[in-house]
Amino acid sequence: RDSRRTEQDGFDFRRRKLVDRVIISIEPLVRGDDDIEVYFRINEPEDVVQADSSRLLPCTPHQQPFVDLTAIATTDRNPLQNDLVKTVGQEVLNGLSAHPGVREAIDRAVNSQETTERTPCPVYIKTSATEAEALPWELLYHPDGNFLSLDPRWPMARMVGGRSNSIERSADFPIRIAVVLGAADRDATPEWEAIREAVQYAAVNCNFLLLAAQPQLKQSVIDQAEQNVVVEHIPQTEQELVDRLLHENPHIVHFFCHCSASYEGFLEIATTNLLEGLSNEPVYLSARELSRLRETVWLVMLDACEGATPTKTLHSYAYSLVKDGIPSAIGMREPIEASDSSVFCGAFYRAAMN
């Protein structure tokens with residue numbers, strides 16, 4: 001009798017096929033001019049309970065404990081009280097558990113004996129709802145798997161709703177990486193050193209185009225005379241910058257600059273003339289203009305504050321890039337300290353290139 005009840009509830013892991021990925025779809029439903037409700041359902045796997053039904057998303061970024069986490073300043077290095085990050089991660093799971101099929105899919109992925117680092121089961125959040133985009137899905141905490149995104153068996157990522165997410169790219173070598181270092185009030189040297197050190201002993205060869213605003217950094221890299229690094233100043237206009245990147249035909253474009261979600265989103269990139277007081281204007285780079293790289297680029301890295309932050313009515317810069325055809329983008333939902341960003345990008349490129 002207990003066995004039959006388990007099967008009816010949809011949690012007989014032994015009798016169901018393996019889960020190789022989980023896709024949770026979250027979409028807005030407009031009921032009036034200002035009345036928008038957000039519903040979610042399971043896309044994959046399909047063999048879960050109530051797979052063809054949707055549920056109202058019970059959590060929003062404007063309620064606790066989510067607002068408690070976003071209120072913390074990036075400069076605050078004190079330990080968080082009451083396991084706040086874990087509490088937020090548990091609340092994410094609680095919200096998704098409102099749909100029994102979604103909870104079943106997550107449970108099956110976490111409890112699968114076949115899931116390993118070599119054969120992971122990624123968890124995707126696919127959404128076109130800005131309300132859902134603002135939630136910290138990457139903090140998902142499962143009692144059997146802890147923080148899923150910290151375990152290589154369950155990598156978490158986001159998909160853009162309303163478009164195909166299957167894009168193929170050729171793997172011609174060496175890997176071409178364009179690095180744009182233009183944060184007006186930040187020293188970009190640690191950022192460049194972290195990237196360079198991370199790929200120095202990579203399993204694949206890499207060539208760099210370094211576009212730097214700081215004259216000292218540019219000269220320092222020139223003095224090192226590395227054959228696989230071309231160093232130039234950042235061009236003075238949006239069109240010139242994108243044209244230069246198009247000419248380089250990079251696989252990866254890395255930005256270290258400022259970002260804003262206002263006015264459909266833009267990157268604010270300092271130039272050498274701006275730093276030397278010869279100009280008052282940075283380069284403002286829109287997602288639409290940067291998306292001209294869509295035919296060849298693999299990834300755009302936005303090591304910039306709020307590059308993945310949506311507004312109430314506008315998607316984030318990272319979302320807009322992928323919607324416009326860039327295969328993948330990495331952004332930050334919150335402000336990030338320069339010291340933290342260099343640590344992150346060093347760890348990322350070490351993992352990506354080996």
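A residue is called buried under 20% relative accessible area, exposed over 50%, and partly exposed in between, with a 1.4 Å probe and protein chains only. This is a predicted model, in which local features need pLDDT of at least 70, side-chain atom pairs count only at pLDDT 80 or more, and totals for chains, interfaces and linings use all residues. Residues are numbered from 1 along each chain as its sequence is written, and side-chain values use heavy atoms, without hydrogens and water.

Start with strand E8, residues 175-181. Helices (H or I, at least four residues) and strands (E, at least two) are DSSP runs, numbered from the N terminus. Seven of the seven residues of E8 are buried, so the strand is largely enclosed by the rest of the structure. Ile175, Ile177, Val179 and Leu181 point one way. Arg176, Ala178 and Val180 point the other way. In a regular strand the side chains alternate between the two faces of the sheet.

What does E8 pair with? Two strands pair if DSSP finds at least two bridges between them. Seven bridges join E8 to E9 (residues 206-212), and the two run parallel. Here Leu181 stands opposite Ala212. From E8 the chain passes through H6 to E9, a right-handed β-α-β crossover. Right-handed means that, with the strands pointing away from the viewer, the path from the first strand over the helix to the second runs clockwise. E8 also pairs with E11 in the parallel sense, over five bridges. There Leu181 stands opposite Phe256.

Now turn to helix H12, residues 338-352. Its buried residues are Ser341, Ser342, Cys345, Gly346 and Tyr349. Seen down the helix axis, they fall within an arc of 135°, so they line one face of H12. The arc is taken from the directions from the helix axis to the C-beta atoms. The buried residues pack against H6 (189-200), E11 (252-260) and E14 (299-304). The face turned away from them carries the exposed Val343 and Ala351.

Last come the cores. A nonpolar core is a set of buried Ala, Val, Leu, Ile, Met, Phe, Trp, Tyr and Cys residues joined through side-chain atoms within 4.5 Å. The largest has 33 residues, and Leu57 is one of those that touch the most other members. Contact means heavy atoms within 4.5 Å. Leaving aside neighbours within four places in sequence, Leu57 is in contact with residues including Ile26, Phe40 and Trp137. Apart from this core lies another, of 30 residues, among them Ala178.

Note on methods
Expected span 1.5 Å × (residues − 1).
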